[in-house]
Amino acid sequence: MTLLSTLSSSSPATAALPSPSITESTMVGSIPNSTFPANVGILALEFYFPSKYVEQAELEQFDGVSAGKYTIGLGQTKMAVCDDREDINSISLTVVQNLVEKHNISYKDIGFLEVGTESIIDKSKSVKTVLMSLFEESGNFDVVGIDTKNACYGGTASVFNAVNWIESSSWDGRYAIAVAADIASYAEGPARPTGGAGAVAVLIGPNAPVVFDQGVRASHMNHLWDFYKPELASEYPTVDGHFSNTCYIRSVDACYSLFTQKFSKRYSPNPEQLITNKDIDHLAFHAPNCKLVQKAFGRLAYNDMLKDPENEAYAAVKEYAKFGHSEESYYDKGLERAMMQFTKSEYQKKVIPSIYASTNVGNMYTASVWACLSSLLSSTPDEEILNKRIGMFSYGSGSAATFFSLKVVASTEKFRDTLQIQSRLEDRVKVTPQVFADHLKLREETALLKDYNPVGDISTLAKGTYYLQRIDEKFRRTYARA
């Protein structure tokens with residue numbers, strides 16, 4: 001039995017979506033000594049990805065690089081592809097409308113909606129305001145939230161803002177939705193195979209089956225130039241890939257170390273006994289590429305070893321404790337390989353189920369970590385996840401990062417029934433690397449156009465997908481649904 005399995009858990013929630021209305025047991029501030037509604041967490045998830053993809057192995061040949069550079073070196077198998085028919089507004093419209101339809105939610109029952117994205121197509125108008133077009137028929141325009149931006153971290157910030165709203169005196173009893181959505185694309189060069197696209201809508205409320213642990217978010221924020229987008233006329237970032245990977249791992253160290261202290265202090269029967277990676281049942285990481293995720297997981301064990309270097313469990317890698325958190329520890333390949341090998345079996349059990357979508361879709365920026373959670377919940381049966389704890393690590397360049405945790409307190413059958421990630425991935429349309437390059441070129445050439453009618457083939461879009469119909473002479477965008 002692990003340390004975390006001995007901790008008291010929240011009361012189980014029902015499998016069906018609970019009513020968002022305020023009751024005596026959930027109303028914030030209405031009852032003396034009542035601070036929070038019960039079991040605030042994730043009621044449902046919806047995950048959208050484009051219907052076209054390119055094979056990374058074929059892209060290796062097309063780019064003239066060695067076999068395995070993308071598939072093994074980056075851990076990527078396929079990458080989502082967008083033409084000029086999809087933008088940040090369209091994929092956000094799709095994921096929110098699909099969530100509402102699949103779970104039979106009334107737009108009147110949504111009181112908070114926020115979008116985390118770095119895919120900026122307007123320097124003033126938010127994606128959130130575009131999504132309000134979905135609310136028009138309901139007559140509900142009383143919806144808190146706007147857009148949140150910081151590289152790949154904006155989606156997590158939006159989720160936290162949604163949780164904070166429900167746990168505050170501002171909450172009026174309705175659901176909250178956080179949207180994490182991006183189209184990740186790169187100029188020709190070594191970063192291009194780390195692109196992708198996706199959107200996740202997170203429905204948040206009380207009495208949820210997947211609950212946020214309170215008081216344990218551990219963040220690390222600092223000023224860096226590892227990845228940024230100073231050219232406002234281009235989708236492409238300015239990125240120092242090797243430096244950005246190092247910044248990511250540094251943030252893993254800082255956030256995980258603080259998380260173990262906060263969690264142990266708040267929940268452990270013995271606060272002096274810090275929890276370790278062994279006490280976390282599943283993990284979902286931000287996944288710029290899946291190889292970096294494996295390195296990050298190995299780094300958790302490295303941090304645990306540094307706290308207890310004489311523990312016989314670390315005998316095989318004890319020699320690397322000499323590096324500590326020195327600068328050299330972030331660049332020593334022997335240390336990196338040793339920790340990946342040391343944690344290989346645990347990685348297969350705890351992390352592999354969460355990266356299925358990322359392996360086959362690619363980097364989704366803000367949506368990445370939430371797509372990983374979606375993969376985990378959609379593929380793991382109740383007997384392997386009920387009453388288990390999920391560690392989450394979110395990173396956005398620049399930089400902003402947080403390690404936090406969730407507890408599964410009720411059946412996740414509804415997630416498996418509605419997400420169906422594997423079957424939907426198998427239904428996509430494969431395109432050649434040349435078509436992929438042509439689509440990116442088309443997006444480059446049309447990014448700033450007005451009075452423009454997109455030319456992408458809408459017949460390849462999955463049913464229910466919103467697409468860009470026209471940009472008029474005043475840059476106003478209109479959308480239709482396949």
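Which residues of α14 are buried?

1. A word on the model before the details. The structure is predicted, with local features needing pLDDT of at least 70 and side-chain atom pairs counting only at pLDDT 80 or more, while totals for chains, interfaces and linings use all residues. Residues are numbered from 1 along each chain as its sequence is written, and side-chain values use heavy atoms, leaving out hydrogens and water.

2. Now to the opening question: in α14 the buried residues are Pro433, Phe436, Ala437, His439, Leu440, Leu442, Arg443 and Thr446. Buried means under 20% relative accessible area, with exposed over 50% and partly exposed in between, using a 1.4 Å probe and protein chains only. The cover over these residues includes β2 (52–55), α1 (56–63), β3 (78–81) and β6 (175–184); contact here is heavy atoms within 4.5 Å.

3. Helix α14 itself spans residues 433–446, and its 14 residues reach 20 Å from first C-alpha to last, close to the 20 Å expected at 1.5 Å a residue. That expectation is 1.5 Å times one less than the number of residues. Helices (H or I, at least four residues) and strands (E, at least two) are DSSP runs, numbered from the N terminus.

4. Strand β13 may interest you next. Since 8 of its 8 residues are buried, β13 is largely enclosed by the rest of the structure. On one side sit Arg389, Gly391, Phe393 and Tyr395, and on the other Ile390, Met392, Ser394 and Gly396.

5. With β12 it runs parallel, joined by 4 bridges, among them Ala284 with Met392 and Leu283 with Gly391. With β14 (residues 400–408) it runs antiparallel through 8 bridges, and Arg389 stands opposite Lys407. Strands pair if DSSP finds at least two bridges between them. The β13–β14 hairpin has 3 residues between its strands, and Gly398 in the turn has a positive phi of about 120°.

6. On aromatics, the structure holds 20 pairs, defined by ring centres of Phe, Tyr and Trp (its six-membered ring) within 6.5 Å, with planes under 30 degrees apart stacked, over 60 edge-to-face and the rest tilted. Tyr248 and Tyr395 are edge-to-face because their centres are 5.5 Å apart and their planes at 65°. Tyr248 lies in α5 (residues 241–267) and Tyr395 in β13, so the pair ties together parts 147 residues apart in sequence. Tyr248 is buried at 1% relative accessibility, and Tyr395 is buried at 3%.
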